[in-house]
Amino acid sequence: MSVLLGMYASHAQNKQLLYDFYEIPQSLMLNPGVKTPYKWHVGLPLLSGTSIQAGSSGISVNDIFANDGIDFTTKFRERVINGLTKRDVFGGSGQIEVFSVGFRNANRPSDYYSFGVYGEGFIAQYWPRDLAILAFEGNANNLNRRFDLNHFSTQGEAVNVFHFGINRKLNKKWIVGARAKLYSSVFEFKSVNNDGYFVTTQGENNILRNTVVADVTMRTSGVESLFDILLDDDVAQSIELPKWLLGRSLLGGNLGLGLDFGFTYNVGKNSYITASIIDVGFIYHTNDVKNYRLSGAATNEGIEIVLPDDLNDLNTDIWQDLVDDIERQVPFTTDDNSFFSLRPTKLNASFRYNFGSYRALGKDCDCTTRPSVKSEDFDYKNAVGGHLFMIHRPRGPQAAVTAFYQTRFGRSLALKTTYTADKYSFTNVGLGLNLQTGPVNFYIMADNLLSYQNIPASNYASLQFGFNIISWNDN
């Protein structure tokens, strides 16, 4: 049960509300080739971009703990043990922007540069269906059934990212962009692509014969030193933990490189397509590495006692002999070998159609004050479209499709509403708000709003918000 509750926290890191919401500078992080209607921007340190996502596919807290008159054990067996599959995933992700700066090249106004630092982390735990059935039901009533060890798959990390990007408007149709990234891994653990099985059959010398064939690996970096701090009672954790975190975040951890690419292409006067690929990169883990491996094959029928011969040697530690024999055939080993880990690459693509008069935004108005936003920078009063998101995960790509409607109210307020379907929910309605007051920009976005009336029954929730100072192209 603790495993289930602990895992109820990974969504696929989809940010469909923020994607192509180009009035918000953080949209550059999802597509370096997005439109950039600003002269410069500065994000408020630690407040310019914060996002939290949590989700579970196949089960919710309410499915287990609802007061519905059904016995808890029955619900747990039917909805968890027998109801979930090895493709059901649980977990969470979060991101916080440390600082963010962007500016337009005075000598080449078609270029917009942006740079900054952000930290992010995630955990993705797949439901180990066969292992859960074995633990819940045991093996005595599951003769000849193979329990696959490849059902165990987990991955998590925390990483700090230093980045620099270039956004260039080539002509009236094309905007392209690229971003270089330097990763500083704080910690990472990964156990994927495992193999093997456990099976119980009828025995010859005893009633049952147990066979295990295993090739299971867990790779970690940064985890051992973290637990050394957390579990040492003689360490001042309030001092050592922040020092450890800061050191590994500021290039003191394992390093890696990555790239983002994206573009915007005007199909016609009122429509355009966009696409981006994010986090094409790797991290090379060389320090504070510890890997664990269980590999081998063994078959036993338990303790074999031959009477009356064994009565003459009752001091023999027959239990320890059994354990030693299994450990010899299926050894559990550790090492500190370096390893590469690929980044969870993400793909975005969208189509958008704009409609409505620009006049409501202030174009050709008889204004007594200077508008804070140049109307020509925004090509819509209303917009509709679709968005596709994909991310690489250990059991294959996870995808989400979104339909959206976006509108502006004057020069200061823009709203975006979305409907998203993915493996977590088919009723995900989201709302994003962007408010511009002079140079101050504030945005807030939330997903799966229909579930807020009964949060324990929800499979997914997310929240994003941030503050920026923006100078627009005419200021």
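This is a predicted model: local features need pLDDT of at least 70, side-chain atom pairs count only at pLDDT 80 or more; totals for chains, interfaces and linings use all residues.
Visitor: Let us start with S48. Where does S48 lie?

Guide: S48 is in the loop between β1 (38–43) and β2 (50–56). Helices (H or I, at least four residues) and strands (E, at least two) are DSSP runs, numbered from the N terminus.

Visitor: Why is S48 called buried?

Guide: Buried means under 20% relative accessible area, exposed means over 50%, and partly exposed is in between (1.4 Å probe, protein chains only). S48 has 0% relative accessibility, so S48 counts as buried.

Visitor: What makes the link between the side chains of S48 and E97 a polar contact?

Guide: A polar contact is a pair of N or O atoms within 3.5 Å; within protein, one must be able to donate a hydrogen and the other to accept it, and residues adjacent in sequence count only if both atoms are side-chain atoms. The side chains of S48 and E97 are joined at 2.5 Å, so the pair is a polar contact. Leaving aside neighbours within four places in sequence, S48 is in contact with residues including Q26, G43, Y443 and F465.

Visitor: Are D20 and L46 buried or partly exposed?

Guide: D20, found in the loop between α1 (2–7) and β1, counts as buried because its relative accessibility is 4%. L46 lies in the loop between β1 and β2, and its relative accessible area of 47% makes L46 partly exposed.

Visitor: What makes a set of residues a nonpolar core?

Guide: A nonpolar core is a set of buried Ala, Val, Leu, Ile, Met, Phe, Trp, Tyr and Cys residues joined through side-chain atoms within 4.5 Å. The largest one here has 19 residues, of which F21, I24, Y38, Y380 and M445 touch the most other members. Strands β20 (440–446) and β21 (460–472) each supply at least two residues of this core. Another core, of twelve residues, lies apart from it, and V80, L84, F147 and F198 are among its members.

Visitor: How do you know that β9 and β12 pair?

Guide: Two strands pair if DSSP finds at least two bridges between them. Twelve bridges join β9 (residues 208–221) to β12 (residues 289–300), so the strands pair, and they run antiparallel. Within this pairing, A214 stands opposite G296 in β12. β12 also pairs with β13 (residues 332–335) in the antiparallel sense over four bridges, where L294 has F332 in β13 as its bridge partner.

Visitor: What brings N210 into this picture?

Guide: N210 is found in strand β9. The side chain of N210 makes polar contacts with the side chains of N139, at 3.2 Å, and T200, at 2.8 Å.

Visitor: Why is the pair of F65 and F72 called tilted?

Guide: Rings of Phe, Tyr and Trp (its six-membered ring) pair if their centres lie within 6.5 Å; planes under 30 degrees apart count as stacked, over 60 as edge-to-face and the rest as tilted. The centres of F65 and F72 are 5.9 Å apart and their planes are at 35°, so the pair is tilted. F65 is partly exposed, with a relative accessible area of 44%, and F72 is also partly exposed, at 36%.

Visitor: What makes R146 a charge over a ring?

Guide: The rule asks for NZ of Lys or CZ of Arg within 6 Å of the ring centre and within 35 degrees of the ring normal. R146 lies over the face of Y197, at 3.8 Å from the ring centre, and K416 lies over the face of F404, at 4.7 Å.

Key: Residues are numbered from 1 along each chain as its sequence is written. Side-chain values use heavy atoms; hydrogens and water are left out. Contact means heavy atoms within 4.5 Å.
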